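Please open the structure in your viewer and follow the stops below in order. Each one names a selection and states what is to be found there.

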Amino acid sequence: MDIKFIQFQSHGDDRGSLVSLEDHKNIPFTIQRVYYMFDTKENVRRGFHAHKELKQLAIVLKGSCRFLLDDGKEKIELLLDNPEQGLYIESFMWREMYDFSDDCVLMVLADSFYDESDYIRDYNEFTKMVSEK
Ligand code: T46
């Protein structure tokens with residue numbers, strides 16, 4: 001499975017660091033939506049779905065968490081702990097997020113508005129759809 005991390009340029013100086021995100025420059029789509037998760041409770045596992053169309057970029061702004069990505073053929077576990085990197089998540093990719101640190105702030109940039117009908121929440125349905133693609 002091809003995992004794409006996007007490395008952002010950090011404009012650091014003696015005041016600290018700054019990262020800028022721009023449509024079709026360092027973000028490979030037009031950003032229609034941004035959401036973020038914080039204050040995630042201990043031992044919580046989120047996600048458990050794939051998307052039919054949606055493409056997203058996940059960036060841990062603070063702390064760390066792990067992602068399980070599953071394209072229906074292969075599973076990969078990844079640690080996100082660097083605000084200078086974004087994890088690109090294609091459509092038809094099952095995802096689960098877990099091991100959130102207490103201070104984790106996970107921001108996600110999305111190429112579409114929220115649409116429940118784009119979610120595939122049943123893992124068997126997901127693998128069936130992937131095999132029929
Ligand atoms: C994804 C992973 C990485 C909204 O009203 N608007 C939104 O834009 C989002 C993302 C969620 N919601 C509502 C829907 C639920 O009532 O917020 C609640 C929690 O959402 P959900 O259970 O889908 O959260 P996660 O962490 O399981 O999944 C989210 C995204 O939904 C999903 O697209 O890829 O983060």
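**Contacts and overall form**

Begin with the whole protein chain, which is a predicted model. Of the contacts in the protein chain with a separation of 6 or more, 76% are between residues 24 or more positions apart.

The protein chain contains 1 helix and 10 strands, and its pattern along the sequence is β-β-β-β-β-β-β-β-β-β-α. The radius of gyration is 15 Å, close to the 14 Å that the globule rule gives for 133 residues, so the protein chain is as compact as a globular protein of that length.

**Surface and charge**

Now display the surface. The protein chain exposes about 8000 Å², of which carbon and sulfur atoms supply 46%. Of the 133 residues, 39% count as buried.

Then colour the charged side chains. There are 17 positive and 26 negative side chains in the protein chain. How far apart do the centres of the two sets lie? The centres are 3 Å apart.

**The five-stranded sheet**

Select the open sheet of 5 strands, whose order is β6-β5-β8-β3-β10 with antiparallel pairing. Its edge strands are β6 (75-80) and β10 (119-120), each of which pairs on one side only.

Within this sheet, select residues 46-51 and 94-98. These are strands β3 and β8, which pair in the antiparallel sense over 3 bridges. Finally, centre the view on Gly47: opposite this residue stands Glu96 in β8.

Methods:
Residues numbered from 1 in each chain as written. Predicted model: local features only at pLDDT ≥ 70, side-chain atom pairs only at ≥ 80, totals over all residues. Heavy atoms only, no water. Helix = DSSP H or I, 4+ residues; strand = E, 2+ residues; numbered from the N terminus. Rg over C-alpha atoms; globule rule 2.2 N^0.38 Å. Buried < 20%, exposed > 50% of the residue type's maximum accessible area, 1.4 Å probe, protein only. Contact = heavy atoms within 4.5 Å. Areas by Shrake-Rupley, 256 points an atom, 1.4 Å probe, with all protein chains shown as cover. Lys, Arg positive; Asp, Glu negative; His and termini not counted. Charge placed at Lys NZ, Arg CZ, Asp CG, Glu CD. Pairing = 2+ DSSP bridges.
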